[in-house]
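I opened my notebook beside this model and went through it piece by piece. Here is what I looked up, in the order I went.

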Amino acid sequence: MLKDRKFICENVSVNGEGHLCFSGVDVTTLAKRYGTPLYIMDESRIRDRCRIYRETLKKTFDGQAFAAYASKAASFKELYRIMASENMYIDVVSSGEIYTAAAAGFPMRNAFFHSNNKTDEDVRFAIENGVGYFVADNAEELKAIEREAEKAGIVQNVLLRITPGIDPHTFAAVTTGKVDSKFGSAIQTGQAKEITELALTKKHITLSGYHCHVGSQVFSVDVYTKTAEIMLNFIANIKSSLGFSAQILNLGGGFGVRYLPTDPEVDIEKNIIILSEKIKTSCAALGLKVPTIILEPGRSIVADAGMTVYTVGTVKKIPDFVNYVSVDGGMTDNVRYAMYKANYTLLTANKMNEALTMKANIAGRCCESGDVIQEHVPVPASIKRGDIIACLTTGAYNYSMASNYNRLPRPPIVMINNGESRIAVNRETFSDICALDV
Ligand SMILES: Cc1ncc(COP(=O)(O)O)c(C=O)c1O
């Protein structure tokens, strides 16, 4: 039965009119009310994911663990307000993210500042805004933090980013824990120990512990248990060789989400339980006190809480070759297929009960052949101008990677909660686009 279809996330359904619903709200109604292209975000799903991370970590590590939302996945004020009200920590990677979070009233002592190339201005800005923890990527950054902390007359908490040498077998472009990564200092080359020694000489730095992140879209908990084992061995070696006991171990983010029905579902709670058992056993074997554990999820907090809605413009059929359905958005609001062939599920929101007898490439409106959101998408043969297409699982790395290529304004973000909708980010206007032009 078409009506009993299961979708990749439980917040997606079909109503009696054969329209797609997101968190119970008719997507075509939202398209009419707010226009397209449109990002929609399901607040209850975001809060639910935060709660699962927060409560499971608290329970399994006896209160000595927490989650920091990796805000590069989606960064705008309302989301930082939600994170604050959910008692989440955050990770930020630029002065722009720091500015946005601080402007939203997020308590910046609960923020971790990443990136592999913090300028002196970034370091100063983060200190001025009271960022709780820096995650220093390299020796250069450590020196800059020491200089700026001394000027500000403070002692700054710092974690060191370490590359544990793990290849999580995901997209090469989002694999960051390997020895040859641009991020962090490798254990294998001895640089992780060297940077620890350097950090311990700094008077204006308190070395709180270590951070690592091995990749994104990771489905196997084994990647995390292996990473934790390597990191705990390193911590034990540092304790015996340098006498330094790490208080914090941040294991990064990366749990995968479902973009296609064939993607597995990650049971976050179960994975955290497995991980905590492994960490406790390893610590006992190494004679270590269990450090405070931090996880840094981005995608698994917001991805399936997001959907992008488009209106169909042209339908072009090239017999014996391919069909194109062009929509009013594209690589400007979702660059991930153009960038690394990321998978997505797309649905014709106003024709959910029609049979999908045709395949089409869903193309954007940019002057760029690579501007495709997804190829070979099943669509109803009746698809035509004015139909509404929804792309699922776009809450992460879509709005945050959006651009103004071809001077296209970025779509608004509408937050839905308990059947109500509200604007969280306004639609960009042409005058916004020209605001900096002289
Ligand atoms: C340092 C760090 N932490 C956390 C994340 C979040 O990863 P994900 O969104 O896959 O959970 C990333 C993503 O690239 C990252 O680089």
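**Entry 1**

I began with α1, where Lys32 and Arg33 are exposed on one side. Helices (H or I, at least four residues) and strands (E, at least two) are DSSP runs numbered from the N terminus.

Before going further, I noted that this is a predicted model, in which local features need pLDDT of at least 70 and side-chain atom pairs count only at pLDDT 80 or more, while totals for chains, interfaces and linings use all residues. Residue numbers start from 1 along each chain as its sequence is written.

Which residues of α1 (residues 27-34) are buried? I found Val27, Thr28, Leu30 and Ala31. They sit on the same side of α1 because they cover an arc of only 160° around the axis; the arc is that of the directions from the helix axis to the C-beta atoms. A reminder to myself: an α-helix has 3.6 residues a turn, so residues three or four places apart point the same way. After α1 comes Gly35, with a positive phi near 80°.

**Entry 2**

Next I looked at an open sheet of 3 strands, ordered β1-β2-β3 with antiparallel pairing. β1 (12-14) and β3 (25-26) are at the edges with a single partner strand each, so one side of each lacks a neighbour in the sheet. Strands pair if DSSP finds at least two bridges between them. β1 and β2 (residues 20-22) are joined by 3 bridges and run antiparallel, and I found Val12 opposite Phe22 in β2.

How many residues of β9 (residues 156-163) are buried? I noted 7 of its 8.

| Partner of β9 | Bridges | Residues facing each other |
|---|---|---|
| β8 (residues 133-136) | 4 | Phe134 and Val158 |
| β11 (residues 205-211) | 6 | Gln156 and Ile205 |
| β10 (residues 185-186) | 2 | Ile162 and Ser185 |

From β8 the chain passes through helix α6 (residues 139-152) to reach β9, in a right-handed β-α-β crossover. Right-handed means that, with the strands pointing away from the viewer, the path from the first strand over the helix to the second runs clockwise.

**Entry 1: two loop residues**

I then checked His204, in the loop between α7 (191-200) and β11. His204 counts as partly exposed because it has 17 C-beta neighbours inside 10 Å. Leaving out neighbours within four places in sequence, its contacts are Glu146, Ala149, Glu150, Ile154, Val155 and Gln156; contact means C-beta atoms, placed from the backbone, within 7 Å.

Val290 lies in the loop between α9 (268-286) and β13 (292-295). Val290 is partly exposed too, with 17 other C-beta atoms within 10 Å. Setting aside residues up to four places away in sequence, Val290 touches Phe61, Gln64, Ile279, Lys280 and Cys283.

**Entry 2: around the ligand**

Which residues come nearest to the ligand? Of the 16 around it, they are Ala70, Ser216, Gly253, Gly298 and Arg299. A residue is near if its C-beta atom, placed from the backbone, lies within 6 Å. I sorted the shell into 4 nonpolar, 9 polar and 3 charged residues. In that sorting, Ala, Val, Leu, Ile, Met, Phe, Trp, Tyr, Cys and Pro are nonpolar, Asp, Glu, Lys and Arg are charged, and the others, Gly among them, are polar.

Notes
Buried ≥ 20, exposed ≤ 12 C-beta atoms within 10 Å, placed from the backbone. Contact = placed C-beta atoms within 7 Å.
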